[in-house]
Amino acid sequence: MLDKVMEAAGIKVFGVADYEETLPGTGFKQREMFDGIQSVIVCLIPWDTGMNEGRNMARYAVGRNYHEVAAEHLSIATEILKRAFPEDTFKFFVDSSPIAEVRAAVLAGLGVRGKNNLLISKEYGTRCAIGEIITTRKFAKSKKSVGTCFDCGKCIKVCPNGALTEKGYEKEKCVAYINQMKKELTPEDEALIKKVGFICGCDCCTDCCPMNRHADGTGLKEFKESAKPVYTPGMDLSDRSYGWKPANVERNYKIITED
Ligand code: SF4
Ligand code: SF4
C-alpha cells in the first residue's frame, strides 16, 4: 500500500521505523507532536544536480530550496494517507524535525551513518534530503539496510577544520555551520570560508566519499531545472535554501571573492 502512495507522490526511496526506536527525539519542535505515534515513514528526496564545476555553493544549494521541494512530495503522500486512513493522524516534517532524522533513516533501512556523520544511502549516497511522516498508524518496519561506509577515513582527512575525527562530528568546527553563523566571524573563520570557497555549505567530506561515486546528478527534475550553481549579488533568493540568511550570503560572497 505504501509503495503505491509513495509512487503517486514521486518518492522512490522510503522505509518505515518504529517510532519508539527513534526516541529520544531532538527536542526541537516537540510541541508539534501528538499522542499515539506508532510509525515513522522516512523518505529520501535526492537533490544533486551534478558537479557544476565553478559553483560557489555546496551541491545541496544549487537547485531549488530542498525544504520546499521535499514538502511538495511529502504533502501529497500525507494527504493520500489521511484519506486512506481517516481514523489516524499523519504529519510530515523536513529537516526541522522532532525526530533525529539520520538515526530514523538508518532504522528505516535506508542506509548507514558514515564517518562524515551523514546518511549514506544505496541509491543517492549522501546526496539527498531526509523527510518523514509521523503517524498513529502502525506500519510494518523495514529491514535493516545492507549499505555501508567503507571506513576509508577520507572524509576525516579532507575536513578543513577537524570537525570530523574518529570520535565523531563537532558541529561548531564545521564550515557548513560556521558560514551560516550570524555572529561576528573571527579571522580564522573567514580564512576557512575563503579556503572552502562557498557562500554556503561545504562539500569536502562528501565529494571525497567513495560511497557517492554513483550519485552524481541523481536529483529530481525540480532541482535540475532550477539549478543556479553560481551566486552573484542581487540574485533572487526567494526559492533558494540559503535565501533566509541574505546578509550571511552577501558577507560570505565578499569573503570568497576579495583578494
Ligand atoms: S562539511 Fe566540511 S567542515 Fe563540515 S564536517 Fe564536512 S568536511 Fe568538515
Ligand atoms: S569518506 Fe570513507 S569513511 Fe568517510 S563516510 Fe565516506 S566511505 Fe565512510
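This is a predicted model: local features need pLDDT of at least 70, side-chain atom pairs count only at pLDDT 80 or more; totals for chains, interfaces and linings use all residues.
Biologist: How many cavities of 30 Å³ or more does a search of the whole structure find, and which residues line the largest cavity?

Modeller: The general idea is that rolling a probe the size of a water molecule over the atoms shows where empty space is left. In this structure the search returns one cavity of 30 Å³ or more, and the largest cavity has a volume of about 90 Å³. Its lining consists of 15 residues, among which Cys149, Cys152, Cys155, Cys209 and Pro210 lie nearest the centre; by class, ten are nonpolar, two polar and three charged.

Biologist: What takes up the space of the largest cavity, and which residues are closest to that ligand?

Modeller: The space is taken by ligand 2, which is surrounded by 14 residues, the closest being Cys149, Cys152, Gly153, Cys155 and Cys209. The shell around ligand 2 divides into eight nonpolar, three polar and three charged residues.

Biologist: How many aromatic pairs are there, and what is the geometry of the pair formed by Phe85 and Phe139?

Modeller: In general, a pair of aromatic rings is described by the distance of the centres and the angle of the planes. Here the count comes to five aromatic pairs. One of them, Phe85 with Phe139, is edge-to-face, at 6.0 Å centre to centre and 80 degrees between the planes. Phe85 lies in the loop between α3 (66-84) and β3 (90-94), and Phe139 in the loop between β6 (128-135) and α5 (154-158), so this pair ties together parts that are 54 residues apart in sequence. Both Phe85 and Phe139 are buried, and ring pairs link Phe85, Phe90 and Phe139 into a cluster.

Terms used. Residues are numbered from 1 along each chain as its sequence is written. Chains are lettered from A and ligands numbered from 1 in the order in which they are written. Side-chain values use heavy atoms; hydrogens and water are left out. On a 1 Å grid over the protein atoms alone, a cavity is a set of points where a 1.4 Å probe fits but cannot get out, and a pocket is an open set with protein on both sides within 12 Å along at least five of seven lines; lining residues have an atom within 4 Å of a point. Grid points are joined across faces, edges and corners, and a volume is the space filled by probe spheres set on the points. Ala, Val, Leu, Ile, Met, Phe, Trp, Tyr, Cys and Pro count as nonpolar, Asp, Glu, Lys and Arg as charged, and the others, Gly among them, as polar. A residue is near a molecule or strand if one of its heavy atoms lies within 4 Å of it. A molecule sits in a cavity or pocket if more than half of its atoms lie within 2 Å of its grid points. Rings of Phe, Tyr and Trp (its six-membered ring) pair if their centres lie within 6.5 Å; planes under 30 degrees apart count as stacked, over 60 as edge-to-face and the rest as tilted. Helices (H or I, at least four residues) and strands (E, at least two) are DSSP runs, numbered from the N terminus. Buried means under 20% relative accessible area, exposed over 50%, partly exposed in between (1.4 Å probe, protein chains only).
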